[in-house]
Amino acid sequence: MIKNIKIRLLFFIGIANLFTVNISYAQVKESNNDIWLHYFGKNMITEKFSFSFEATMRYANGFSEKQQYFIRPSVDYQFTKKFMGSVGFSHYNTYSYGNPAMNKISIPENHFWIQGTFVHNSGQLKISHRLRDEFRYVGIPAMQSNGDLEIDHYDYRNRMRYMLLFNYPLMKKEEVTKLFALLGDEVFMNIGSNAGKTFLNQNRIIGGVGYNFDKNHQIQLSYIHQNIWNYTNTFQESNPTVRLSYVTNFDWSK
């Protein structure tokens, strides 16, 4: 069974990379060495309902340039032991970074999203499937009469995200997982009438380790290789990324 899971993951990553090759004819290519500082907290309000909050500060080329920040609250409902649905809001600000820069000025974005997460096990291996539909409002800059670029209006764009993630315990203490490994891939797909020039908006290959201090506190260290294509497919980023995540999980219903 483990062998079959590995084959599925390699096939999925291979398909994602095939998409990458097929649309890698963007005119300008750039690479940045990124560091992401990430927080995710889940708070159980009742046996079924929870409130989650996620936030990130991202830097490009070490800590020398700000890349992006976002905040992302959501309300979640556990329909079954394996399936959870979520409704949330995200606010982003993407800075002008890199040389050359994909954006000439900072770009704000707000969007609402719905999400389904299905988790199941194969032996000790935990397998997560996450599908998110994002209804995005992206700031569009325009040249002003004084020659400066400013956000002129917001465009509506629709994006679908699918993540496949494997979690495998490496060390246990009294049958409780302490150290674990992560491996997966997430694909961001432009859809709808205002999807832009490429099917893919981003692709992220993910690998890392995590440690559970106790049932409420966890830390993860991951390597992510991030590919980004801009709306007009004139620019592509390929970014080696280190992400440090702090994860909390509290049950306030008890």
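Predicted model: local features only at pLDDT ≥ 70, side-chain atom pairs only at ≥ 80, totals over all residues.

Reader: Which pattern does the protein chain follow along the sequence?

Author: Let's count the elements before ordering them. The protein chain has one helix and twelve strands. Read along the sequence, the pattern is α-β-β-β-β-β-β-β-β-β-β-β-β.

Reader: How many bridges pair strand 3 with strand 4?

Author: Strand 3 covers residues 49-60, and a hairpin with four residues between the strands connects it to strand 4. In that turn, Asn-61 has a positive phi of about 55 degrees. Ser-50 stands opposite Asp-76 in strand 4. The pairing is antiparallel, and its bridges number twelve.

Reader: And which residue in strand 5 is the bridge partner of Tyr-69?

Author: Strand 4 is joined to strand 5 by a hairpin through four residues. The two strands run antiparallel, with nine bridges between them. In strand 5, the partner of Tyr-69 is Asn-93.

Reader: Which strand gives the most to the lining of the second largest pocket?

Author: That pocket holds about 800 Å³ of space. Several strands each supply at least two residues of its lining, including strand 4 (65-78), strand 8 (149-173) and strand 11 (217-229). With five residues, the one that gives the most is strand 7.

Reader: How many charged residues are in the lining of the second largest pocket?

Author: The lining consists of 35 residues, and those nearest the pocket centre are Met-102, Asn-103, Val-138, Arg-157 and Asn-230. By class, 13 lining residues are nonpolar and 14 are polar, while the charged ones number eight.

Reader: Is Thr-248 buried or exposed?

Author: Thr-248 sits in strand 12, which spans residues 235-251. Leaving aside neighbours within four places in sequence, its contacts are Tyr-39, Phe-40, Gly-41, Lys-42, Asn-216 and His-217. The cut-off for burial is under 20% relative accessible area. Thr-248 has 4% relative accessibility, so it counts as buried.

Reader: One last one: what percentage of contacts with a separation of 6 or more is accounted for by residues 24 or more positions apart?

Author: Let's finish with the whole chain. Of its 254 residues, 46% count as buried. As for the contacts with a separation of 6 or more, residues 24 or more positions apart account for 55%.

Key
Residues numbered from 1 in each chain as written. Heavy atoms only, no water. Buried < 20%, exposed > 50% of the residue type's maximum accessible area, 1.4 Å probe, protein only. Contact = heavy atoms within 4.5 Å. 1 Å grid on protein atoms, 1.4 Å probe; cavity = no way out; pocket = protein on both sides within 12 Å on 5 of 7 lines; lining within 4 Å. Points joined across faces, edges and corners; volume = space filled by probe spheres on them. Nonpolar A, V, L, I, M, F, W, Y, C, P; charged D, E, K, R; others polar. Pairing = 2+ DSSP bridges.
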